[in-house]
Amino acid sequence: MNLTSYKTESLHGEVDCPGDKSVSQRIVIIGSLLNCDMNVNGFLNAQDPISTVNALNSIGSSISINENKVTLRKREVMFKDPQQELNLGNSGTGARLLLGLISGLGLRLTMRGDSSLEKRPMSRVIKPLEMMGAKLSSDSGTLPIKTLGSKIINNFEYKMPIASAQVKSCLLLAALSSQKNIKITEPKITRDHTERMIEFFGGEILYENNQNSKIIQLNYSELEPKNSFDVPGDFSSAAFIIVATIISKGSEVVIKNVGLNESRKGLLDVLILMGANLEIKNKKKASNEIVGDIYISSSELRGIDVPDNIIPNIIDEIPILSVAACFAEGQTIIKNAAELRVKESDRLHAISQGLIKLKIKHDIFEDGISISGTSKELKCDESIDSFDDHRIAMSFLIAGIRSDNFIRVMNCKNIETSFPNFKSIMNTIGMKINEED
Ligand code: S3P
């Protein structure tokens, strides 16, 4: 499916932020472990969380989805080996977190994914899970992976070589589901939704902060069921609306109920450093996460050197930050972001290829990119490739706002993995995004 995004004058309105993908995936996993009746509100009904729900149901969970509400039911038998292979589709988070849960439970099964997911590195979770006592088999450190039972050790300690919330969460879930303690050191602070959720259900986690690194220690205790959970809005989806409003002229948009977790909202800090007009109102706590409304208006941006330690907290927002950088005065430099090479696509390459089509001056490095902004309208005579990556597709569609006519992005079906109503929300506030016949 190809989409075309037309030049837009200004954006206005108030929109509800779609549910957070990371939290949606975690609540169905931790909710299955709790084995209780629970209603989840604000669930992201998109392909990635659906893949996770389907996988959980095939190992014994009882989860049903009705639009943005999810119901978990208490079962007689908690978990079982599935009849068929589990297919996590495009979801790296689903695959890595479930490998932790399944290893902790000692289930035997085969996990697969789509062609993109089967290329992504899994040795980052295979290695520590094996050190914990899981038996896993994989040909090349990628999916498909066979899980062959486990005997998980108590008080496992692990220093993560890379800053990855997926790895941290995988190991926390392996410990939680095998009822063991674990101590993990992360080299830079990464998103902490798993820790917050465990605490929300009464679990004990101790923390030690050392400059930018952090130690997370789970002292196992049985979690306490609750009958409802509220998923915050997804900051990573809000990011597209934020940048769209900032780069268009004379615009004012409000996004309601956005998750403002410190380890996720790094893009706000970066955009404020770049000169963006942003205000947060109505901050409150919901299910141990902070949410609030973001008020955005058009802004004149200036390029900056993005601080290193913020990179893990903006990792999913770098494609749309790159689009913001196209319209900033001067240069924006992003470094220490080599993880972008192993996301749904090689995102540094995908961003660079798109910028070439937009004739934006930039340099790509092994671990980052520097982008020189322009005040002119973008002239884009050729279609841009999404590289089958939802965040690349949405980012370049947002750039269409400042084109001299339109920008056409190829292969946008993947938007359904994280933000199915992207086109309709963006069009509600004034963008013109059309699907080709
Ligand atoms: C996620 C963590 C991030 C992020 C991904 C979702 C999560 O990956 O890129 O989209 O839900 O834990 P890493 O922390 O592994 O880089």
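Lysine 265: does the residue count as buried or exposed? With a relative accessibility of 10%, lysine 265 counts as buried, where buried means under 20% relative accessible area, exposed over 50% and partly exposed in between (1.4 Å probe, protein chains only).

Before moving on, a word on what you are looking at. This is a predicted model, in which local features need pLDDT of at least 70 and side-chain atom pairs count only at pLDDT 80 or more, while totals for chains, interfaces and linings use all residues. Residues are numbered from 1 along each chain as its sequence is written, and side-chain values use heavy atoms, with hydrogens and water left out.

**Stop 1: the partner of lysine 265**

Lysine 265 and aspartate 269 form a salt bridge, with their closest N and O atoms 3.5 Å apart; the term means a side-chain nitrogen of Lys or Arg within 4 Å of a carboxyl oxygen of Asp or Glu. Aspartate 269 counts as partly exposed, at 32% relative accessibility. The whole structure holds 24 salt bridges by this rule.

**Stop 2: two domains**

Now colour residues 2-19 and 232-436 as domain 1, and 21-230 as domain 2; these bounds come from an automatic or database domain assignment. Taken over C-alpha atoms, the domain centres are 28 Å apart. The contact between them takes 29 residues from domain 1 and 29 residues from domain 2, contact meaning heavy atoms within 4.5 Å.

How much area is buried between domain 1 and domain 2? The figure is about 2,500 Å², with carbon and sulfur atoms giving 45% of it; buried area is the accessible area (1.4 Å probe) that two parts lose on being put together, summed over both. Select Ser287, Asn288 and Thr417: these supply 22% of the area that domain 1 buries against domain 2, more than any other three residues.

Three salt bridges cross the interface of domain 1 and domain 2. The interface also has 16 residue pairs in polar contact, both residues at pLDDT 80 or more. A polar contact is a pair of N or O atoms within 3.5 Å; within protein, one must be able to donate a hydrogen and the other to accept it, and residues adjacent in sequence count only if both atoms are side-chain atoms.

**Stop 3: a charged network**

Show the side chains of Arg120, Arg191, Asp316, Glu344, Arg347 and Asp389, which are linked in a network of salt bridges. Within it, arginine 120 meets glutamate 344 at 3.8 Å, N to O.

Next, centre on arginine 347, which is buried with a relative accessible area of 0%. Aspartate 389 forms a salt bridge with arginine 347 at 2.8 Å, N to O. Aspartate 389 sits in the loop between strand E21 (384-385) and helix H11 (390-399) and arginine 347 in helix H10, so this pair ties together parts 42 residues apart in sequence. Helices (H or I, at least four residues) and strands (E, at least two) are DSSP runs, numbered from the N terminus. Aspartate 389 is also buried, with a relative accessible area of 0%.

Aspartate 316 forms a salt bridge with arginine 347 too, at 3.8 Å, N to O. Aspartate 316 is in the loop between strand E17 (289-297) and helix H9 (318-326), 31 residues from arginine 347. Aspartate 316 is buried, with a relative accessible area of 14%.

**Stop 4: arginine 75**

Select arginine 75, in the loop between strand E5 (69-72) and strand E6 (86-87).

**Stop 5: backbone details**

Finish with the backbone. Most residues other than glycine have a negative phi, and most peptide bonds are trans. Glutamate 67 has a positive phi, near 50 degrees, and counts as exposed at 59% relative accessibility. Lysine 359 has a positive phi of about 60 degrees and is exposed, with a relative accessible area of 53%. Lastly, the peptide bond from leucine 143 to proline 144 is cis, with omega near 0 degrees; proline 144 is in the loop between E8 and E9.
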